[in-house]
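Q: I should like to learn how to read the features of a model such as this one. Please give the general idea each time, and then the case at hand.

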2 protein chains.
Amino acid sequence: MTTIGLPELLGFVTAVFTRRGVPPERASAAAAALLHGDLTGMSSHGLANLTRLYLPLLDSGRADPAADPRTLTDAGAIVHLDAARTLGLWSAGAAADLAVARAAAYGIGMVSVRGMTHIGCAGAHTLRIAERGMVGLIATNCGRQRIARPPGGRVAMLGTNPLSVAAPAGDHPPFVLDMSTTVVPTGRVRAAARAGDPVPAGWLATDCGTPVTDPGAFDRGEAHLQWLGGRPETGAYKGFGLALAVEVLSALVSGSGRGPDPEALDGDGGPSGRDDDIGMIVLAIAPGVLRAPEDVHADAGALFGSLLDCPPSGDLAVRYPGWHEAERAARCRAEGVPLSPQLYEELKQLAAAENLAMPGAVGVAG
Amino acid sequence: MTTIGLPELLGFVTAVFTRRGVPPERASAAAAALLHGDLTGMSSHGLANLTRLYLPLLDSGRADPAADPRTLTDAGAIVHLDAARTLGLWSAGAAADLAVARAAAYGIGMVSVRGMTHIGCAGAHTLRIAERGMVGLIATNCGRQRIARPPGGRVAMLGTNPLSVAAPAGDHPPFVLDMSTTVVPTGRVRAAARAGDPVPAGWLATDCGTPVTDPGAFDRGEAHLQWLGGRPETGAYKGFGLALAVEVLSALVSGSGRGPDPEALDGDGGPSGRDDDIGMIVLAIAPGVLRAPEDVHADAGALFGSLLDCPPSGDLAVRYPGWHEAERAARCRAEGVPLSPQLYEELKQLAAAENLAMPGAVGVAG
């Protein structure tokens, strides 16, 4: 592992985006959203996606670095936007900020967006809302990209459709749930394939439902990504239903591209379509408009504090989603961000290709 | 099975509630919400709960038949209510109707309620929103009732915290997701115990995580209800996180009773507390305020129609949550509601005790 200071990494990624025509303030916000993945340990959605996902999006013209998003409707508590293929890493955070502003005025703010590109970790954007003392919710589909099959179906119809909810937790780190509605996102399957590791039973299965632990079987089309809940009797229809709820909230409301669409039925049944014209909903709810902000703060602290105080059944303390991520992020801010040898090498090659200085390492270990 | 006409059952339940002081229009709405469980096949949340749950609530004074809910804040797009311990079967539907009215004016309507009693099937209330062409979301906690443990914890801290999302589906039956955030609600475990049936591996587990298939082990305290997602590596933290998201949206926003609370730590670790002072959030989103209603209708039809057209991998057609329920409800409306011998006997005893005529059977089978 090589450790690089966070400010240096932010500066480097900002420079890479800026050189592709992304305005500086957008580039800087996009860099922070991208690094949220590395800071919180969701490394499948972090820097590793810079050369795999975001630069190809910009270089192929599927993302537009400097377009102006358009306001389609502004009705006060709700706003409807076309993101105009700008970097989703930036536009999702901007939409979250807009939802916060409207929630401060109306008690709730909803921003519905179509025409987006990949937003990175949804939790990076809901956390912005929680840090302002509000409850944030983001649901986003995968545009027209289809990865997972409906239970009992033999055609991929839906993306991994992430859902994130965040809330303040008093004086404790904010609660941040950030989840795919499939058992895992595809990035974790591919990371296991690259590392040569098996995946747990329950992530992948054959047509007949037999568990598969070889992650390579996914991209060979021999095994399919399972829904949260696993088998039908343990909740597959709930994971599938949550993915549909995300599709409705993100795409039906905004009018963006959709996974389930007649065109999905044209192919061979395998994964199809591209994550273009992604839809998203952002909700910000301001409990402080309903009741005394100091009561909300105290109640949030009691809610999450009592979970932290729950006696453990084993050796590990009880924690809630967002707690470990906040601790890891604080460590990275203080000590630098550890990068795998492979990722460090990728960044070095990128720096050379871009004629940019590689950020200096603050430490090397392992 | 004995089959009874739906109007007769509705009249009977309405009369039972009315005799306990519930105003007639509330009693009628509560009866319809209760029978939604039987109509849709969610029988653990239907008529069986009349003598088990709702009449004891009224008879013990934990529910108030005729109190007036209070408006605590009205800010236009959002309304904050105290349900004043009225029947949740009624007040949840009234809150959904209020959210619809506000969404028609503002594009979104949010009603946050505290002081509720058990609302029955959340899907009965979100369906009202979908039937008006809007997207509905309900999240409700279980008041101070604690049933499930945080992953790695040895004290029950949270209820089964249901979440429901419903949406119009063009000319197809509405999409209605109605799920507990645990693998199953407790009613299904107890129904299996009464029937003497084993439960699937994945519903219950011992302290060490060993699967338990004897449903009686749950009420003996020998096995614990598992989260949606099952083991940590297949998503237990997602089910737990969804339950916390529900707790935040329902209880932290409204200021109702909470599962995770310092008082939860006082007991022996087993299930504790009562489902008093339940919190709920209802959201109605009107896509027709953002874009042409005919486009929303067509897009919804294409979304859910393409799922119905998905080629099946086996013998069963692909369906989405709400489809089978709508078909079953239509059959019950036309042909009557089939009741198990046990439930029929319970209603007969109730009719005798109340000095009410037992609704006549339209058929007996099996």
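Q: How many residues does the contact take from chain B and from chain A?
A: Two residues are in contact if their C-beta atoms, placed from the backbone, lie within 7 Å. By that rule, the contact takes 74 residues from chain B and 74 residues from chain A. This is a predicted model, in which local features need pLDDT of at least 70 and side-chain atom pairs count only at pLDDT 80 or more, while totals for chains, interfaces and linings use all residues. Residues are numbered from 1 along each chain as its sequence is written, and chains are lettered from A and ligands numbered from 1 in the order in which they are written.

Q: Which element supplies the largest share of the side of chain B that touches chain A?
A: Helices (H or I, at least four residues) and strands (E, at least two) are DSSP runs, numbered from the N terminus. The largest share, 11 residues, comes from α8(B). By class, that side of chain B has 46 nonpolar, 17 polar and 11 charged residues. Here Ala, Val, Leu, Ile, Met, Phe, Trp, Tyr, Cys and Pro count as nonpolar, Asp, Glu, Lys and Arg as charged, and the others, Gly among them, as polar.

Q: What are the buried residues of α10(A), and what covers them?
A: A residue is buried if 20 or more other C-beta atoms lie within 10 Å of its own, exposed if 12 or fewer, and partly exposed in between, with C-beta atoms placed from the backbone. In α10(A), the buried residues are A:Val296, A:Asp299, A:Ala300, A:Leu303, A:Phe304, A:Ser306 and A:Leu307. Seen down the axis of α10(A), they fall within an arc of 155° (taken from the directions from the helix axis to the C-beta atoms), so they line one face of the helix. Their cover includes β6, β7 and α9 of chain A together with α8 of chain B.

Q: What span should α10(A) have?
A: The expected span of a helix is 1.5 Å times one less than its number of residues. For the 16 residues of α10(A), 293-308, this gives 22 Å, and the end C-alpha atoms are 22 Å apart, which agrees.

Q: What is the strand order of the open sheet of 7 strands in chain A?
A: Strands of a sheet pair through backbone hydrogen bonds, either parallel or antiparallel. Two strands are taken to pair if DSSP finds at least two bridges between them. In chain A the order is β2-β3-β4-β11-β5-β6-β7, with mixed pairing. β2 and β7 of chain A stand at the edges, each with a single partner strand, so one side of each is left without a neighbour in the sheet. Within this sheet, 4 bridges join β5(A) to β6(A), which run antiparallel, and A:Gly136 stands opposite A:Ala166.

Q: At what angle does α8(A) run to β11(A)?
A: Axes are lines fitted to C-alpha atoms, for helices over the stretch in contact, and angles run from 0 to 180 degrees between N-to-C directions. Helix α8(A) lies across β3, β4, β5, β6 and β11 of chain A, at about 95° to β11(A). Helix α5(A) lies across β5, β6, β7 and β11 of chain A, at about 30° to β6(A).

Q: How many residues lie between β6(B) and β7(B) in their hairpin?
A: There are 2 residues between these strands, and B:Gly170 in the turn has a positive phi of about 65°. The antiparallel strands β6(B) and β7(B) are joined by 6 bridges, and B:Leu163 stands opposite B:Met179. In β7(B), 7 of the 8 residues are buried.
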